[in-house]
Amino acid sequence: MFSLGMIERFGRFRYAATPGLHFGIPFIYKIAYKRSLKETALPIQPQTAITKDNVHVELDGAVYTKVVDAYEASYGIEDPEESITVLAQSAMRKQVGELELDELFLERERLNSGIAEALDEATKTWGIRVFRYEIADIHVDGKIRQAMEQQSNAERMRRAEVLESEGYRQKLINQSEGERQSEINMAEGKAQHTLLQAEAEAKKTRLIASAEAERIRVRSEATADGIKKIADALTEDGGKDAMIQRLAEQYLSELSEMAKSSKMVIVPDKPNDVRAVMATALGMFDGLKAKKD
């Protein structure tokens, strides 16, 4: 069902006829009104309005309506299309007067919604619903348009300068952060290097000390073993004579070396009496052995 016809009899409403075949007596029954139940668009001719900042603008558009009550749309209003057009122009002027020129271009959706709501509220009693209003175009004076373009260019330049300065600022921040991080990494690297070097030096010192201690221990053990072996050899038969012979040879060798390397040599009062020297040494050895026992 896309339309309804308002049938009158003798000038009074009788019934609403749906599409199809209907019979009526001429001059008694007639179709007084025919209303479409489909959504329709009503064009709104260009209309001058004044913005909040006193700028004259010219707007045109279209309003989209739908009849929901054919009886009210026929008998509740004389000319619904004309009435909606006049109401739309009035609502448009009111909504435009609440916005400045810059807001008018930016808030077009808000403007459309405001006009549609105002129209829908007013046409409910007429059996008509307004679903939306669409502004087709907004016209301004040439000088105003030129001023707006200059303002827009200035705003774009300002934004470009702001973005450029922000980029330069961010670049400096990133550069300083990079340098700071680089210095931190270098300092940490140096500290780690110093720590590793100190640990290596400490380890080297410990190894050297350990090796030196081991060398001294081995040498001491070797000396002790040598002394022990000499002592054991002296207790054996012929041990003392062998020692005397060895000491005498070493004694004579040392006297000879002293005579070669020095102009003045101090010698015992009886340098040829080797036995006396050996006897003194053996006496000292026996004395030390007695004390030990």
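**View 1. Phe13 is found in strand β2.** This is a predicted model, in which local features need pLDDT of at least 70 and side-chain atom pairs count only at pLDDT 80 or more, while totals for chains, interfaces and linings use all residues. Residues are numbered from 1 along each chain as its sequence is written, and side-chain values use heavy atoms, with hydrogens and water left out. Strands (E, at least two residues) and helices (H or I, at least four) are DSSP runs, numbered from the N terminus. With a relative accessible area of 33%, Phe13 is partly exposed; that class lies between buried (under 20%) and exposed (over 50%), for a 1.4 Å probe and protein chains only.

**View 2. Phe13 and Tyr71 meet as an aromatic pair.** Rings of Phe, Tyr and Trp (its six-membered ring) pair if their centres lie within 6.5 Å; planes under 30 degrees apart are called stacked, over 60 edge-to-face, and the rest tilted. The count by this rule is 4 aromatic pairs. For Phe13 and Tyr71, the ring centres are 5.0 Å apart and the planes stand at 65°, so this pair is edge-to-face. It links distant parts of the chain, since Phe13 is in strand β2 (residues 12–17) and Tyr71 in helix α1 (residues 70–75), 58 residues apart. Tyr71 is partly exposed, at 38% relative accessibility.

**View 3. Phe13 also pairs with Tyr75.** Here the geometry is edge-to-face, with 5.7 Å centre to centre and 70° between the planes. Tyr75 belongs to helix α1 and Phe13 to strand β2, so the pair ties together parts 62 residues apart in sequence. Tyr75 has 31% relative accessibility and counts as partly exposed. One aromatic cluster is formed by Phe13, Tyr33, Tyr71 and Tyr75.

**View 4. The charged end of Arg132 sits over the ring of Tyr64.** It lies 4.1 Å from the ring centre. The rule asks for NZ of Lys or CZ of Arg within 6 Å of the ring centre and within 35 degrees of the ring normal.

**View 5. The largest nonpolar core has 33 residues.** A nonpolar core is a set of buried Ala, Val, Leu, Ile, Met, Phe, Trp, Tyr and Cys residues joined through side-chain atoms within 4.5 Å. Val57, Leu59, Val63, Val96, Leu104, Leu111 and Tyr133 have the most contacts inside this core. Elements that each supply at least two of its residues include β1 (3–9), β4 (40–50), α2 (80–97) and α4 (108–123). Strand β6 gives the most, with 6 residues.
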